[in-house]
Amino acid sequence: MIEAFAYAMDRGTAHWRKLAEQTPPDKRLAMIVESYLTPAHRDDPGRGCAIPTLGAEIARESPRTRRAFAAKLEQMIDMLAAQMPDLPRKAARKQAMAVIATMMGTLVLARVAGSGDFSDEILGAGRAAALGRATAPKQVTKKSPARKAAATARR
């Protein structure tokens, strides 16, 4: 279990690092967030990040397994914090923790919601929250039936 999680988390961190290296410094965090919170990632949990897929299982594992997971999580946090050079290290680390928590939670909720407009809306809200934006760039062009009814009711 430890080896499998370590491998998956190392793979994810390496992917983020590669994205960062290919992106101008001021756009690195946004590139990582926007590439993570996508319909393609949501719809392919077998190839995606191990944390939202199996993270709840780690809480039920042995203390040794949880420590190993926490060490890999800390590496991910530090890598993401390094993409925030304008912040002091301690502040960047706290921000990275919040961004990762937002990304992971968003992906879990989007997967629970399925692959329709509501799920896409969750992904957009998560991108916006992770990047501190009021709104995320729109990827959905039509409203779900529930959103249409809510908009009509407000009129």
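The model is a predicted one, with local features needing pLDDT of at least 70 and side-chain atom pairs counting only at pLDDT 80 or more, while totals for chains, interfaces and linings use all residues. Residues are numbered from 1 along each chain as its sequence is written, and side-chain values use heavy atoms, with hydrogens and water left out.

H41 belongs to helix α3, residues 39–42. With 13% relative accessibility, H41 counts as buried; that word means under 20% relative accessible area, with exposed being over 50% and partly exposed in between (1.4 Å probe, protein chains only). Setting aside neighbours within four places in sequence, H41 touches Y36, G48, C49, L107 and R111, where a contact means heavy atoms within 4.5 Å.

Stepping back, the chain is built from 8 helices and 0 strands. Helices here are DSSP runs (H or I, at least four residues), as are strands (E, at least two), and both are numbered from the N terminus. Of the 155 residues in the chain, 38% are buried. Taking contacts between residues at least 6 apart in sequence, 64% join residues at least 24 apart. The chain exposes about 9400 Å², and 57% of that comes from carbon and sulfur atoms; the areas follow the Shrake-Rupley method with a 1.4 Å probe, and for residues only the protein chains shown count as cover.

Helix α1 covers residues 2–21, and its 20 residues reach 28 Å from first C-alpha to last, close to the 28 Å expected at 1.5 Å a residue. That expected span is 1.5 Å times one less than the number of residues in the helix. Several α1 residues are buried, including F5, M9, W16 and L19. Their cover includes α2 (28–36), α4 (50–58), α5 (63–81) and α6 (89–113).

Helix α4 buries A50, I51, P52, G55 and I58. Viewed down the axis of α4, these residues fall within an arc of 150 degrees, so they line one face of the helix; the arc is that of the directions from the helix axis to the C-beta atoms. The buried residues of α4 pack against α1, α2, α5 and α6.

The largest nonpolar core takes in 34 residues, and those with the most contacts inside it are W16, V33, Y36, L80, V99 and M103. Such a core is a set of buried Ala, Val, Leu, Ile, Met, Phe, Trp, Tyr and Cys residues joined through side-chain atoms within 4.5 Å. Two or more residues each come from α1, α2, α4, α5, α6 and α7, with α6 giving the most, 8 residues. Beyond its neighbours within four places in sequence, M103 meets W16, I32, V33, Y36, L37 and A130.

Not everything is tucked away. M97, in helix α6, counts as partly exposed at 36% relative accessibility. The C-alpha atoms of M97 and I77 are 6.0 Å apart, although the two residues are 20 apart in sequence. E121, in helix α7 (residues 117–130), is partly exposed too, at 33% relative accessibility. Between the C-alpha atoms of E121 and A110, 11 residues apart along the chain, the separation is 8.3 Å.
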